[in-house]
Amino acid sequence: MKYLVCISRTPETTAKIAFTDGNTQFDKNGVQYILNPYDEWYALVRALELKEAGGGTVTVINVGTAENDAVIRKALAIGADDAVRIDTDPKSAMNVAKQISEYVKSNPHDIILCGKETIDYNSGEVGGMIAEFLDIPFVSYGEHLDIEGSSATVKRDIEGGSQTVKVNLPAVISAAKGMAEQRIPNMRGIMMAKRKPLNIVPAVPFEDAATVIGYTLPEGKSAVKMIDPENMDELVRLLQEEAKVL
Amino acid sequence: MSSVKTDRFQFHDHYLVEDLLSDDHRMAREAVREWVKQEVSPIIEECSEKAECPKHLFKGLAEIGAYGPSIPVKYGGGGMDEIAYGVIMQELERGDSGIRSMASVQGSLVMYPIYKYASEEQKMKYLPKLGSGEFIGCFGLTEPDHGSNPSGMVTNIKDDGDAYILNGAKMWITNSPVADLAVVWAKDEEGKIRGMVVEAGSKGFTAPEIHGKLSLRASITGELVFEDVRVPKENVFPEIKGLRGPLSCLSKARYGIAWGAIGAALDCYDSALRYSLEREQFGRPIGGFQLTQKKLAEMITEITKAQLLAWRLGSLANDGKATPAQISMAKRNNVNMALEIAREARQIHGGMGITNEYPIMRHMMNLETVLTYEGTHDIHLLITGMEVTGLNAFK
Ligand SMILES: Cc1cc2nc3c(=O)[nH]c(=O)nc-3n(C[C@H](O)[C@H](O)[C@H](O)COP(=O)(O)OP(=O)(O)OC[C@H]3O[C@@H](n4cnc5c(N)ncnc54)[C@H](O)[C@@H]3O)c2cc1C
């Protein structure tokens, strides 16, 4: 079984978010980066578990520039066998999906795993688009994944419950919380990662159909209002008129 | 008071010293920090309060790769460099000096001498199992009447055909009550200090626990008592004779402490900084008062100096150039710096600072041991004094 895990680099969760160039570019200044947790903790670790149980290889793939090599090495330290980086700075999910699907066309894999979303742009589009480009099935929000023969069973997280789906391989599956548990790389893994192959592949030409016009930050949190416990009417009034939740 | 809460620690690196490190070092730091947050922080206050050693962490420390990171992989180590070793010790001590001690002893005081001085056969017999945490080791140098002056030791071995007969007692030995083997230093019939591996379960060998410690409470400490213990000759390190043997191990461990103590200091500073921004008095955060800022500014200045000292020492160690005297200076400076920061951080936390809601008192009490073991604060001063004057002030 050949597993391909799509990984991306995202700002660390406590990073201060700011924009430059008239609010059209994310300000990378002073930002620390991590491996996107959905890719790392769930998609990658489940692929490794399945490989350990049933054999195969786990390749991680990233579309990005050399800046991303540190997080790619981390995926190798956690246990991936090798890595591919498609060398371009993508501006859209569609470009990422296009690059990965072109790679898969010439390097077929049985299962393509990705996180349900990245924790920066949260659009969750890459998985579905890869499947579309390759004309293979896509199952999203998998919280449990098992492989049997040439099909996969995925338990999906849905509003208020779950759904279990059986899908023929090859397929693209996106991983949500629950699919696996975080693995911390150990020192031996970190040292081994240095010797594992990281193949840099040129990108195919791509033109984005959409461009970002601007970003805005959410409004800052307002101060806490204390209300006298005797004055319930005031609480109800504020919830209705200011918070507009009633 | 409940003590299980989320570990909100954030790293501080005012001079971007991390830029001087490699990606591997940074990855090692992150991995060990994550491990500490998951495995150590949730239980450490309680372990410390109850004076219980979290023995299950011996295996966990092995899995993460904290034993002998700079010893070759073939001999159970991690095959990393000295800076990686330092970074790992720092992240462990950020959690607790006792946890760092568990790892320092196993790696630098047990695996290192076996790697350096034992026969190939003995290396293969012990090192892989020590590296994987299957065996726990301890290091016996200090005696009840010989601490700062180990060359006065009375523990001794006598030749008895295929074995030596070992007699004597060691005191203050980290890990000894749970150890499967001890690296013991004793005098031979010529009065030369020799090192040897003594296995637990050998007849006449006991390791009673020392109780009543108010410091390093999550680390188990004991004695080693030898009454006519037969030590097979192949267990005695063949070449190394004299104080140089144990001192070379201490240099390794002291090097790790020079890095480690910064971890404890960072945890105290980080907690104090956060507290100073959240705690309000007289209508504003106490971090806004000049006297609090003086404390915080001096803390981060001292931490930054210690980080640079450790980094430079690490670079020298990687080049094989770090001298025992240089290691002494860094151990002494950095541990004392951490202890002073713990005391200042305690004040910033006001009354809350004396509770187990915050890690400060635990670090402060731990650091009293760290200031004393592996050569006391004053002994390290005398080492520097001797280095610069050429005059020995020890005796
Ligand atoms: C929790 C803990 C764990 C330990 N773990 C280990 C271990 O695993 N293995 C091991 O072998 N040892 C271990 N030690 C022992 C430690 O290394 C000794 O405590 C230390 O070397 C000091 O020895 P001492 O306690 O006998 O103090 P002493 O040597 O009696 O010193 C008492 C005081 O006298 C001062 N002093 C001594 N000589 C001089 C001098 N010439 N000039 C000026 N001042 C001097 C010292 O600086 C100190 O302030 C541990 C100790 C503790 C507390």
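Me: How many residues surround the ligand, and which are the closest?

Reply: A residue is near a molecule if its C-beta atom, placed from the backbone, lies within 6 Å of it. Here 21 residues surround the ligand, and the closest are L141(B), T142(B), G147(B), S148(B) and T376(B). This is a predicted model, in which local features need pLDDT of at least 70 and side-chain atom pairs count only at pLDDT 80 or more, while totals for chains, interfaces and linings use all residues. Residues are numbered from 1 along each chain as its sequence is written, chains are lettered from A, and ligands are numbered from 1, in the order in which they are written.

Me: Which elements supply at least two residues each of the shell around the ligand?

Reply: Helices (H or I, at least four residues) and strands (E, at least two) are DSSP runs, numbered from the N terminus. In chain B, β1 (137–140), β3 (163–174), α9 (360–372) and α10 (377–389) each supply at least two residues of the shell. By class, the shell has 10 nonpolar, nine polar and two charged residues; Ala, Val, Leu, Ile, Met, Phe, Trp, Tyr, Cys and Pro count as nonpolar, Asp, Glu, Lys and Arg as charged, and the others, Gly among them, as polar.

Me: Into which domains is chain B divided?

Reply: Domain bounds come from an automatic or database domain assignment. Chain B is divided into domain 1 (17–131), domain 2 (137–235) and domain 3 (244–389). The shell around the ligand draws at least three residues from each of domain 2 and domain 3 of chain B.

Me: How many residues of domain 1 of chain B are in contact with domain 3 of chain B?

Reply: Two residues are in contact if their C-beta atoms, placed from the backbone, lie within 7 Å. By that rule, 28 residues of domain 1 of chain B are in contact with 28 residues of domain 3 of chain B. On the domain 1 side, α1, α3 and α4 (97–117) of chain B give two or more residues, and the largest share, 11 residues, comes from α3(B). The centres of the two domains, taken over C-alpha atoms, are separated by 19 Å.

Me: What span does helix α7 of chain B reach, and which of its residues are buried?

Reply: The expected span of a helix is 1.5 Å times one less than its number of residues. Helix α7(B) (residues 290–318) has 29 residues and reaches 42 Å from its first C-alpha to its last, close to the 42 Å expected. A residue is buried if 20 or more other C-beta atoms lie within 10 Å of its own, exposed if 12 or fewer, and partly exposed in between. Among the buried residues of α7(B) are T292(B), M299(B), I303(B), W311(B) and L313(B). The buried residues of this helix pack against α3 (82–95), α6 (244–278) and α8 (324–348) of chain B. Just after α7(B), G320(B) takes a positive phi of about 70°.

Me: At what angle do α3(B) and α7(B) pack?

Reply: Axes are lines fitted to C-alpha atoms, for helices over the stretch in contact, and angles run from 0 to 180 degrees between N-to-C directions. The two helices pack at an angle of about 140°, with their axes 8 Å apart. The contact is made by E82(B), I83(B) and G86(B) of α3(B) and A310(B), G314(B), A317(B) and N318(B) of α7(B).

Me: Why does I43(B) count as partly exposed?

Reply: I43(B) counts as partly exposed because it has 17 C-beta neighbours inside 10 Å. I43(B) is found in helix α1 of chain B.
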